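This report walks through one protein model and its ligand. Keep the sequence and the view side by side as you read.

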Amino acid sequence: MSFFSLLCCGKSVDGRDPKSSTWRVFSLKELLSATNKFNYDNKLGEGGFGSVYWGQLWDGSQIAVKRLKVWSNKAEMEFAIEVEILGRVRHTNLLNLRGYCAEGQERLIVYDYMQNLSLLSHLHGQHSAECLLDWSRRMNIAIGAAEGIAYLHHSATPHIIHRDIKASNVLLDSDFHAHVADFGFAKFIPEGATHVTTRVKGTLGYLAPEYAMFGKASESCDVYSFGILLLELASGRKPIEKLSLAVKQSITEWALPLVREKRFEDTADPKLGGNFVEAELKRMILVALLCARSPPDKRPTMLQVVEFLKGEADEKLATLENDAMFRPDPLGNSKGFVLTDKSSDGMSHKKDSKGDTRQETGRFLG
Ligand SMILES: Nc1ncnc2c1ncn2[C@@H]1O[C@H](COP(=O)(O)OP(=O)(O)O)[C@@H](O)[C@H]1O
Ligand SMILES: [Mg+2]
């Protein structure tokens, strides 16, 4: 389906009145002028789709403009999906769509500008040295992002799965509130369906095993990725750390042994300098590991995740803390186990400028 048939006459596919949302069509001329002709100095970031530029409209409002790198059918589809899905949803924790531009081969998406860029830039990127993420900000980011995803899974109709939840896709506004972004891989889940079988997309380190292996995408794949994101947020570690040239360790393999030994404080990001609320850290780490467990039906829903993180279901969490997964390993195998390069066999991936490995396709196609 072409982009224009998706958004024919400005109406979304369910025929809802477009006036209920506030996006509009921009002209290329307007966006060239807003971004100083996509000047390199205006560049905010880059992802698989293209570069994102800062801009200012004639009314003084600040925008971010994502510009497609190279036109292709696949890129056109990613563009159409993002505009279509983001145009339908409205939530304080989802990035707000201002509109789009499709002139000739130019494909541009216009969003609200997020002053504090991505969570990735604060955890591992250009802002990491500034240590702006104190514990209360981290907690608010966790709860906010969880609420945004819970809205997609449980309130949007049809339900939506994001399929690329990760630190570079959580943006932070001037108050460090989380806004989930980048809907290029998102999918609608038809009513009554438990999952959709699909070509594997997403980012290595965040992919749920059943999705990476069999292409089974459901809400619980986002829950898994969110679990990895929570561990990253609490610990400041990357989803996969290189221990040596050939040996890698996933963040769950690092965290689980510490939790089994009840050493929650050792999971905290050293950058916090010991300034965190112990009970909240414990909650965040337990919830993260519950999200990243298998099989998928053992994972909590995003609504439960929100409750856990807010401390509204502490009794239930205490029960889950007694689960076998958190008990000391009887084989004494609690020092952490490693993931070798073999774990990514059969998957092709490319690196974007942030060093993420964004998976293009798997060999397990649906
Ligand atoms: N609205 C925005 N405000 C500020 N920075 C943004 C905004 N949108 C994107 N960025 C920056 O650009 C990067 C890539 O954007 P994203 O939407 O994830 O693109 P892609 O689909 O190419 O991955 C983000 O990680 C972030 O650093
Ligand atoms: Mg992205």
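Start with Val 200. It is buried, as 24 other C-beta atoms lie within 10 Å. A residue counts as buried with 20 or more other C-beta atoms within 10 Å of its own, exposed with 12 or fewer, and partly exposed in between, with C-beta atoms placed from the backbone. Val 200 sits in the loop between strand S11 (196-197) and strand S12 (202-203). Val 200 and Ala 212 are 12 residues apart in sequence, yet 6.3 Å apart in space, C-alpha to C-alpha.

This is a predicted model, in which local features need pLDDT of at least 70, side-chain atom pairs count only at pLDDT 80 or more, and totals for chains, interfaces and linings use all residues. Residues are numbered from 1 along each chain as its sequence is written, while chains are lettered from A and ligands numbered from 1 in the order in which they are written.

**Overall make-up**

The protein has 366 residues, and 42% of them count as buried. It holds 11 helices and 18 strands. These are DSSP runs numbered from the N terminus: helices are H or I with at least four residues, strands are E with at least two. Two residues are in contact if their C-beta atoms, placed from the backbone, lie within 7 Å.

**The open sheet**

Six strands form an open sheet in the order S1-S5-S6-S4-S3-S2, with mixed pairing. Strands pair if DSSP finds at least two bridges between them. The edge strands are S1 (24-25) and S2, each pairing on one side only.

| Pair | Bridges | Direction | A facing pair of residues |
|---|---|---|---|
| S2 and S3 | 3 bridges | antiparallel | Glu 46 and Ser 51 |
| S3 and S4 | 7 bridges | antiparallel | Gly 55 and Ile 63 |
| S4 and S6 | 5 bridges | antiparallel | Lys 66 and Ile 109 |

S2 and S3 form a hairpin with 3 residues between them. The hairpin of S3 and S4 has 5 residues between the strands, and Gly 60 there takes a positive phi near 90°.

Gly 55 belongs to strand S3. It is buried, with 22 other C-beta atoms within 10 Å. Beyond four places in sequence, Gly 55 touches Leu 31, Ala 34, Thr 35, Asn 42, Ile 63 and Val 65.

**Around ligand 1**

Which residues come nearest to ligand 1? Of the 23 residues around the ligand, they are Gly 45, Gly 47, Phe 49, Ala 64 and Asp 182. A residue is near a molecule if its C-beta atom, placed from the backbone, lies within 6 Å of it. Strands S2 (43-46), S3 (50-56), S4 (62-68) and S6 (106-112) each give two or more residues to this shell. S2 gives the most, with 3 residues. By class, the shell has 11 nonpolar, 8 polar and 4 charged residues. Here Ala, Val, Leu, Ile, Met, Phe, Trp, Tyr, Cys and Pro count as nonpolar, Asp, Glu, Lys and Arg as charged, and the others, Gly among them, as polar. At least three shell residues come from each of domain 1 (3-112) and domain 2 (119-360). Domain bounds come from an automatic or database domain assignment.

**The nonpolar core**

The largest nonpolar core has 90 residues, and those with the most contacts inside it include Ala 146, Leu 230, Ile 285 and Cys 291. Helix H7 (residues 219-235) gives the most to this core, with 10 residues. Domains 1 and 2 both contribute, so the core lies between them. Such a core is a set of buried Ala, Val, Leu, Ile, Met, Phe, Trp, Tyr and Cys residues joined through C-beta atoms within 7 Å. Among the contacts of Cys 291 beyond four places in sequence are Val 223, Phe 226, Leu 230 and Val 305.

**Backbone details**

The peptide bond from Thr 157 to Pro 158 is cis, with omega near -15°. Pro 158 lies in the loop between helix H5 (135-155) and strand S7 (159-161). The bond from Ser 294 to Pro 295 is also cis, with omega near 0°.

Phe 38 is not a glycine, yet has a positive phi of about 50°. Phe 38 is partly exposed, with 16 C-beta neighbours inside 10 Å.
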